[in-house]
Amino acid sequence: MNVLVTGGCGFIGSNLVRYLRRERPEWTVVNLDLLTYAGNLENLSDLEGDPRHVFVRGDISDRSLVEPLLSTHAIDAVLHLAAESHVDRSILGPEVFITTNVLGTQRLLEACRAQRVKRFVMVSTDEVYGSLGPTGAFTESSPLQPSSPYSASKTSSDLVALAYHHTFGMDVVVTRCSNNYGRYQFPEKLIPLMVVNALHDKPLPVYGDGANVRDWLHVEDHCQALLRALEQGRAGEVYNIGGGAERRNIDIVKAILGLVGKPESLIQYVKDRPGHDRRYAIDPSKIRAELGWTPAHTFEQALAETVRWYVDHPTWWTRVMSGEYLRYFETQYRGRLQGRA
Ligand code: NAD
Ligand code: DAU
């Protein structure tokens with residue numbers, strides 16, 4: 001089996017490439033990644049020299065690259081993760097989210113259709129459903145009500161992928177997952193950002209009142225769910241993936257401070273994210289019943305291991321945060337601290 005992973009140098013993608021090499025050692029994994037600020041080959045340095053991991057730098061939108069890639073490597077299936085993934089960035093500059101996530105996905109689908117790829121797994125997000133009140137959970141038939149340019153772009157690409165199934169008969173499976181945590185997550189997302197700031201004794205910016213809730217899933221559990229979706233998912237179906245670990249942001253931030261031995265006085269409540277979704281929670285009944293998937297990690301233990309990993313790998317996050325991102329980080333951060341809630 002030959003699979004193409006797009007975005008395989010990002011956070012989930014690099015964990016997925018490693019997971020597939022371990023769980024399906026006979027497969028060849030081709031990894032197509034543009035290496036934006038979020039993609040780093042260092043995330044896969046342990047696979048250097050592995051003949052069954054083929055890295056190709058390029059854009060999912062470039063059909064003159066993608067079609068020959070699919071045919072040369074006789075790709076059977078695509079796991080599509082490449083995207084602009086950060087909500088705050090989509091508020092600062094939405095255009096690239098539409099270009100990559102919507103147009104890029106459509107071009108990739110078209111290349112796969114032309115090359116008769118047997119299965120296309122579209123990695124989407126629970127953010128397509130918008131925000132929940134204090135109770136309830138998203139099912140696959142919850143209304144699609146995305147709030148941010150990021151989630152609107154993911155909703156669009158998710159629906160375009162389903163349209164390729166309904167219209168052209170392509171074998172497409174869509175997954176909608178909750179917030180991931182684990183190794184190699186770019187330190188703009190909540191958990192690694194808070195660890196890195198705490199280690200530098202910098203303020204920890206908590207948006208609004210800190211009571212927003214996310215449903216956290218360890219990235220390896222997500223990888224396992226994606227492999228199940230690829231191997232056993234039904235064409236044209238959507239599968240929600242969630243960790244069953246609803247936590248308030250402020251509680252996570254306090255837990256991180258406890259784990260690294262820093263004081264809660266580092267917490268700074270800052271101006272809220274515009275359009276900030278209040279609560280996400282996933283009902284995973286469908287994937288559990290149909291694909292036999294349940295998460296293996298427990299949140300508190302896996303959070304502690306994750307924080308330990310960032311503490312032990314300062315060279316990794318110093319390198320990935322250098323250059324373009326640092327400038328963005330400084331601007332974004334200064335603005336938020338000035339406008340405290
Ligand atoms: P990430 O930002 O860490 O990685 C994205 C990767 O895509 C990077 O390696 C980047 O270089 C690559 N990329 C961007 N534009 C590209 C292009 N035009 N062509 C080729 N490669 C390109 O993202 P992530 O957090 O690993 O998320 C991966 C996928 O999973 C995304 O589709 C995201 O929407 C989805 N998702 C993420 C989460 C989460 O909690 N992180 C949860 C649910 C779903
Ligand atoms: O739910 C799945 C989504 O999870 C994915 O589709 C996205 O790609 C991924 O980025 C993530 O989106 P969030 O916006 O939920 O993740 P983020 O880590 O940016 O924020 C998590 C929560 O923490 C959110 O309520 C905002 C808050 N937050 C975030 C940052 C970066 C803060 O309070 N302070 C911060 O500095």
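How do the residues of the shell around ligand 2 divide into nonpolar, polar and charged? The shell has 10 nonpolar, eight polar and six charged residues. Here Ala, Val, Leu, Ile, Met, Phe, Trp, Tyr, Cys and Pro count as nonpolar, Asp, Glu, Lys and Arg as charged, and the others, Gly among them, as polar.

## Ground rules

This is a predicted model, where local features need pLDDT of at least 70 and side-chain atom pairs count only at pLDDT 80 or more, while totals for chains, interfaces and linings use all residues. Residues are numbered from 1 along each chain as its sequence is written, chains are lettered from A and ligands numbered from 1 in the order in which they are written, and side-chain values use heavy atoms, with hydrogens and water left out.

## Around ligand 2

Of the 24 residues around ligand 2, the nearest are Thr125, Asp126, Tyr150, Arg273 and His276 (a residue is near if one of its heavy atoms lies within 4 Å).

Now for the polar contacts (pairs of N or O atoms within 3.5 Å; within protein, one must be able to donate a hydrogen and the other to accept it, and residues adjacent in sequence count only if both atoms are side-chain atoms). A polar side-chain atom of Thr125 sits 2.7 Å from an oxygen atom of ligand 2. The side chain of Arg214 puts an N or O atom 2.9 Å from a ligand 2 oxygen atom, and a polar side-chain atom of Asn249 is 2.9 Å from an oxygen atom of ligand 2. On its own ligand 2 has 690 Å² of accessible area, and the protein covers 94% of that (Shrake-Rupley method, 1.4 Å probe; for residues, only the protein chains shown count as cover).

## Around ligand 1

Ligand 1 has 28 residues around it, with Ile12, Asp33, Ser85, Tyr150 and Lys154 coming nearest. Tyr150 has a polar side-chain atom 2.7 Å from an oxygen atom of ligand 1. Taken alone, ligand 1 exposes 840 Å², and the protein buries 96% of that.

Helix 1 (11-23), strand 5 (119-125) and helix 5 (149-168) are the elements giving two or more residues to this shell (DSSP runs numbered from the N terminus: helices are H or I with at least four residues, strands E with at least two). Strand 5 gives the most, with three residues. The shell around ligand 1 splits into 13 nonpolar, 12 polar and three charged residues.
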